[in-house]
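Please look over the sequence and the model below.

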Amino acid sequence: MIHDPMGALVDDALRDSCGEPRHPERVVAVQDHFVPAKDIESANLSKRLREFCSKWGVKHHYDVRWGICHVVLPEEGHAAPGDVIVGTDSHMPTLGALGTFSVGIGATEMAAALIMGKLWFRVPETILVKLDGSLPEMVFAKDIILKLISMIGVDGANYKALEFNGSILKVMEMDERFVLTNMSVEAGAKTAIIPVDDVTLSYLNGRLRRAPRPEYSDDGSHSDEISIDVSSLEPLVAIPHSPANVKPASEVDAEIDQAFIGSCTGGRLKDLEVAARILRGRRVKEGVRLIVIPASRRIYLEALRRGIIDILIESGATIGPPSCGPCLGAHLGVLAEGEVAISTSNRNFRGRMGHPESRVYLASAATVAASAVEGRIVDPRVIA
Ligand SMILES: CC(C)[C@H](C(=O)O)[C@@H](O)C(=O)O
Ligand code: SF4
């Protein structure tokens, strides 16, 4: 997978190596970060990726409108259990929720992978993360993964694989599973995986382009094990400037300027649905900007059909086109100096969503929606 911010670099690296893609039919290109183009530089990047695709015969090219790569690949059937997938984005492990081995790589490695059709990896050790219990009201996968990151730290899983298992997975839908694998990266994980089960197979039904070949861990193959009883969790927030800096939402005291519901870990249908449940019949606080960006056009369409978008707009939200949007401070909601945002995205590093003196808090869609109503960070159970 190659996307718009990296396509030009991959093209340069290919040219420097005098090579060409061996299997263009295995390449997927997605225009998602700076779309629709926000300035001349991003327009040029998008153009370079388009030219790359036509030059090398890359047919799976998802241009402006399709959505974010980590959402589009699974939706369009490009991630099958057992696949080894590489992509020029750090959140590639998201696809591990479908039982793939998926990792992020740089442009030169991508050039090598394209030319050779293979890459070298050291097999990562696997930490088993056992999630048992039952999720309390208004507690979601985002709260579970924030809890895990706070327990092991931003380097706690460096070059390791995180495997999620336990009784909670049996009742966890795909939209939530992707949140766990996506944000494993924020704990340093090389990749993440969830064993393929009926939930995976029913999600894949009708989408897949090839037969699934699920792989399962051997007994005793994990280097470590972490258990979390999710019954004891409450809505959590990562406070600036680290995803490991986690506190209960009820203990955070912060007024907000902007609330963002979107990104590859917070713009799925489930997130929009949960937000609409809270925002129905309520108004976003005067002075707060609520920006909602469905992570793909399929999600956008489904949210329209279900009346979710109406509820969000009536509450005062602005809806943006499927893209990464403000997640990396690119466009559609960049923060000014001193501004504070709460966001369903995955990173709150200094300056991530705009000015270095802005502050970003991370939370579930429920916590973000409730905070938009109150104008300050709150535990969503106070208004749910
Ligand atoms: C721009 C891209 C290379 C980057 C990444 O690899 O993660 C982005 O998606 C991010 O989330 O910071
Ligand atoms: S939504 Fe954010 S985290 Fe995800 S790929 Fe885009 S910029 Fe990266």
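His 60 in strand 3 is the bridge partner of Val 28. This is a predicted model, in which local features need pLDDT of at least 70, side-chain atom pairs count only at pLDDT 80 or more, and totals for chains, interfaces and linings use all residues. Residues are numbered from 1 along each chain as its sequence is written, while chains are lettered from A and ligands numbered from 1 in the order in which they are written.

Strand 2 (residues 28-30) pairs with strand 3 in the parallel sense over 3 bridges; pairing requires at least two bridges found by DSSP. Strands are DSSP runs of E with at least two residues, helices runs of H or I with at least four, both numbered from the N terminus. The open sheet has 3 strands in the order 1-2-3, paired in parallel. Strand 1 (2-3) and strand 3 (60-62) are at the edges with a single partner strand each, so one side of each has no neighbour in the sheet.

The protein chain is assigned domain 1 (2-116), domain 2 (125-232) and domain 3 (236-382), with bounds from an automatic or database domain assignment.

The residues around ligand 2 include His 33, Asp 89 and Cys 264 (C-beta atom, placed from the backbone, within 6 Å of the ligand). Domain 1 and domain 3 each supply at least three residues to this shell. Ligand 1 is surrounded by residues including Pro 5, His 33 and Asp 89.
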